[in-house]
Amino acid sequence: MSYWTTNVARHPGILRAVPRGCSTALDVGCGDGLLVRKLALVVPEVSGIDKSAEMVTQARSRSGDTFVEGDFLSADLGTYDFICSAAAIHHLDFEAALTRMRDMLRPGGALVVVGLARDASATDWAATIAAAPIVRTVKTVRRAHGPEGMPTVQPRMSYREVRTAARRLLPGVRYRRHVLRRYSLTWQKPS
């Protein structure tokens with residue numbers, strides 16, 4: 001199944017962050033498994049976890065990769081060379097989820113989180129308003145749509161709150177705000 005969303009637009013950047021020699025990867029909030037399937041082309045062992053039974057059922061029907069239905073914050077999972085999450089961390093307790101990802105990452109491993117945040121300042125609103133025509137045009141041209149049944153929730157944290165918490169929990173993290181109403185966190189765990 002092929003589709004495009006503003007989350008799928010971030011997949012190439014996530015894939016570029018996979019470290020050389022990576023043998024295990026985890027996608028947190030994997031949805032229907034699209035990113036897991038892409039990761040499986042470059043990483044020998046890939047797993048996805050999602051709390052939605054419907055999404056995990058869709059993922060399993062499309063791939064033989066490992067999919068866990070459960071709460072990321074309490075599920076029994078291992079350690080990984082690469083952990084990613086696209087538009088899912090705002091469904092969780094941000095600090096608890098980021099801390100767990102950090103702790104599950106092997107030394108030298110990489111973490112990439114693409115997330116949504118809420119506009120809370122004049123600068124946030126100005127960026128959103130300025131990008132609105134671009135976002136609308138890209139979504140129309142790309143015929144944006146996602147899989148049926150994908151759970152949604154509004155983000156609770158502002159961009160500033162995300163950036164501040166991420167810098168405290170992941171020293172040296174690279175924070176970037178993207179035009180298509182997303183931010184990304186990229187971090188490599190010290191060896």
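An axis, as the word is used on this tour, is a line fitted to C-alpha atoms, for helices over the stretch in contact, and angles between axes run from 0 to 180 degrees between N-to-C directions. The model on screen is predicted.

**Stop 1**

Select α4 (94-104) and α6 (159-169). Their axes come within 11 Å of each other and cross at roughly 35 degrees. The crossing is right-handed. To see the contact, show side chains for F94, E95, L98, T99 and R102 on α4, and for V162, A165, A166, R168 and L169 on α6. By type, the residues of this contact divide into 6 nonpolar, 1 polar and 3 charged.

**Stop 2: the largest core**

Keep L98 selected. Which residues does L98 contact, leaving aside its neighbours within four places in sequence? The list is I89, L111, V113, A166, L169, L170 and L185. L98 belongs to the largest nonpolar core, a set of 30 residues, in which L98 and F72 touch the most other members. Colour the elements that give two or more residues to this core: β1 (24-28), β4 (80-86), α4, β5 (105-115), α6 and β7 (182-188).

**Stop 3: the whole sheet**

Now select the strands. They form an open sheet of 7 strands with mixed pairing, and reading across gives the order β3-β2-β1-β4-β5-β7-β6. Strands of a sheet pair through backbone hydrogen bonds, either parallel or antiparallel. At the edges are β3 (66-69) and β6, each of which pairs on one side only. On average, neighbouring strands here are turned by 15 degrees against each other, direction ignored.

Helix α3 (residues 53-62) touches β2 and β3, and its direction makes about 165 degrees with that of β3. Helix α4, from the opening stop, touches β1, β4, β5 and β7; its direction makes about 150 degrees with that of β5.

**Stop 4**

Select E45, which is found in strand β2 (residues 45-50). Its contacts, not counting residues up to four places away in sequence, are S23, T24 and A25. E45 and T24 are 21 residues apart in sequence, yet their C-alpha atoms are 4.8 Å apart in space.

Move on to β1 and β4. These strands run parallel and are joined by 3 bridges. Pick L26 to find one of the pairs: its bridge partner in β4 is I83.

**Stop 5: β4 to β5**

β4 also pairs with β5, in the parallel sense, over 6 bridges. Select Y80 and look across to β5, where L105 stands opposite. Is β5 enclosed or exposed? Of its 11 residues, 9 are buried, so β5 is largely enclosed by the rest of the structure.

Follow the chain out of β4 to A87, in the loop between β4 and α4. A87 has a relative accessible area of 14%. Buried means under 20%, so A87 counts as buried.

**Stop 6: β7 and its two partners**

Select β7, which is mostly covered, with 5 of its 7 residues buried. On one side, 6 bridges join β7 to β5, and the two run antiparallel. Pick L111 to find its bridge partner in β7, W187.

The other partner is strand β6 (residues 174-178), also antiparallel to β7 and joined to it by 5 bridges. H178 is bridged to R182 of β7. β6 and β7 form a hairpin with 3 residues between them. In the turn, select R181, which has a positive phi of about 60 degrees.

**Stop 7**

End at S158, placed in the loop between α5 (122-141) and α6. Why does S158 count as buried? Its relative accessible area is 6%, and the cut-off is under 20%. Show the residues around S158: not counting those up to four places away in sequence, S158 touches A117, R118 and A120.

Technical notes:
Residues numbered from 1 in each chain as written. Predicted model: local features only at pLDDT ≥ 70, side-chain atom pairs only at ≥ 80, totals over all residues. Heavy atoms only, no water. Core = buried A, V, L, I, M, F, W, Y, C linked by side-chain atoms within 4.5 Å. Buried < 20%, exposed > 50% of the residue type's maximum accessible area, 1.4 Å probe, protein only. Helix = DSSP H or I, 4+ residues; strand = E, 2+ residues; numbered from the N terminus. Contact = heavy atoms within 4.5 Å. Pairing = 2+ DSSP bridges. Left-handed = near helix turned anticlockwise from the far one by under 90°. Nonpolar A, V, L, I, M, F, W, Y, C, P; charged D, E, K, R; others polar.
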